[in-house]
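Here are my notes for your first read of this model. Please keep the structure open beside them.

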Amino acid sequence: MFKIWVVLVFLSMFAFFTGYLREVSALLVGILLISTFIKGYLVIEYFMGLKNITFKYRIIPTLWLLSVLSAIAIAYYLPKN
Amino acid sequence: MQKEKQALPPGDFAIWIIVYIELITFALLFLGYAFSRRLDVALFNKSQLLLDQRFGFANTLLLITSSFFVVKALEAIKNIEKKRAAKIASHWLLAAMSLGSLFLVNKIIEFSDKVDQGINLSTNTFFMFYILLTAFHFMHVILGLVILFTIRQKTKDGGYSAHDYRGMETGAIYWHLVDLLWIVLFPLIYIIR
């Protein structure tokens with residue numbers, strides 16, 4: 001579990017330092033969303049303890065995370081008319 | 001040998017119903033923010049630069065670490081002999097609660113700073129979402145702390161053992177939910193522009 005915590009801290013530090021850029025490029029937005037997915041996934045699997053649970057319950061929070069971050073990506077990437 | 005999968009998620013199933021409801025509620029708020037931003041990207045970017053991301057980052061570290069401490073408390077109950085486990089787990093829970101309380105203090109300082117700048121719900125759409133999302137999450141942290149306090153009291157009284165820890169698991173799930181929601185909220189509000 002300590003390793004999971006270290007990864008979470010590392011990814012949070014990455015997000016924090018990215019935030020100092022005045023403009024966050026489209027590529028960085030993608031990387032930030034992927035790193036957010038990894039963080040959320042680690043919390044769901046290891047902290048919430050869904051790692052050893054049957055698929056139907058395990059998938060719900062992960063699917064939520066994936067859907068929310070994908071919709072956010074669409075909102076950021078979709079060109080305006 | 002592969003470990004057999006458990007049929008039901010940890011804790012009481014009722015907490016998972018609450019978790020699913022909370023996830024849907026916050027999803028609507030996150031998407032409301034992201035799609036409202038499309039209507040005035042310049043305003044959102046300019047307003048976002050007025051936030052001090054150090055507050056957001058510090059709060060991320062506090063919640064992640066606090067969540068980790070709750071995992072350690074549960075591990076202690078599951079794996080250590082009952083009498084010693086109660087003492088160790090209650091120390092982990094106290095540490096988790098202290099970090100959760102620091103989160104609240106940090107957030108209050110950040111809110112006061114914004115109030116001093118004359119920022120409120122009516123300032124613009126960005127700040128409306130910023131206050132709505134973070135204040136709503138703030139209330140969840142308060143409830144999470146009340147739950148942690150309750151399970152710590154029961155832990156101290158020897159109420160959990162390696163054979164009976166479902167109540168602690170239930171409380172822990174709520175605290176991890178609070179952490180998970182902040183993990184999405186932090187980059188969305190403070191970082192991505």
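How many helices and strands are there in chain B? Point 2 gives the count.

1. Ground rules. This is a predicted model, in which local features need pLDDT of at least 70, side-chain atom pairs count only at pLDDT 80 or more, and totals for chains, interfaces and linings use all residues. Residues are numbered from 1 along each chain as its sequence is written, while chains are lettered from A and ligands numbered from 1 in the order in which they are written.

2. Chain B, overall. Chain B has six helices and zero strands. Both are DSSP runs, numbered from the N terminus: helices are H or I with at least four residues, strands are E with at least two. The pattern along the sequence is α-α-α-α-α-α. The C-alpha trace of chain B spans about 60 × 35 × 30 Å along its principal axes.

3. Burial in chain B. Chain B holds 193 residues, and 42% of them are buried. Buried means 20 or more other C-beta atoms within 10 Å of the residue's own, with C-beta atoms placed from the backbone.

4. A helix pair in chain A. Look at H1(A) (residues 2–18) and H2(A) (residues 26–47): their axes come within 10 Å and cross at roughly 155°. Axes are lines fitted to C-alpha atoms, for helices over the stretch in contact, and angles run from 0 to 180 degrees between N-to-C directions. The crossing angle therefore makes H1(A) roughly antiparallel to H2(A) (the term covers angles over 145 degrees).

5. What meets there. Among the H1(A) residues in this contact are Leu8(A), Leu11(A) and Phe14(A); H2(A) brings residues including Leu32(A), Ile38(A) and Tyr46(A). Contact means C-beta atoms, placed from the backbone, within 7 Å. The residues of this H1(A)–H2(A) contact divide into 11 nonpolar, two polar and one charged. Here Ala, Val, Leu, Ile, Met, Phe, Trp, Tyr, Cys and Pro count as nonpolar, Asp, Glu, Lys and Arg as charged, and the others, Gly among them, as polar.

6. Where the chains touch. In all, 35 residues of chain A are in contact with 38 residues of chain B. On the chain A side, H3(A) gives the largest share, nine residues. That side divides into 24 nonpolar, eight polar and three charged residues.

7. The core. Which residues touch the most other members of the largest nonpolar core? They are Val70(B), Ala73(B), Ile77(B) and Leu93(B), in a core of 77 residues. Such a core is a set of buried Ala, Val, Leu, Ile, Met, Phe, Trp, Tyr and Cys residues joined through C-beta atoms within 7 Å. H6(B) supplies its largest share, 18 residues.

Methods. Parallel < 35°, antiparallel > 145°, perpendicular 65-115°, else oblique. Contact = placed C-beta atoms within 7 Å. Buried ≥ 20, exposed ≤ 12 C-beta atoms within 10 Å, placed from the backbone.
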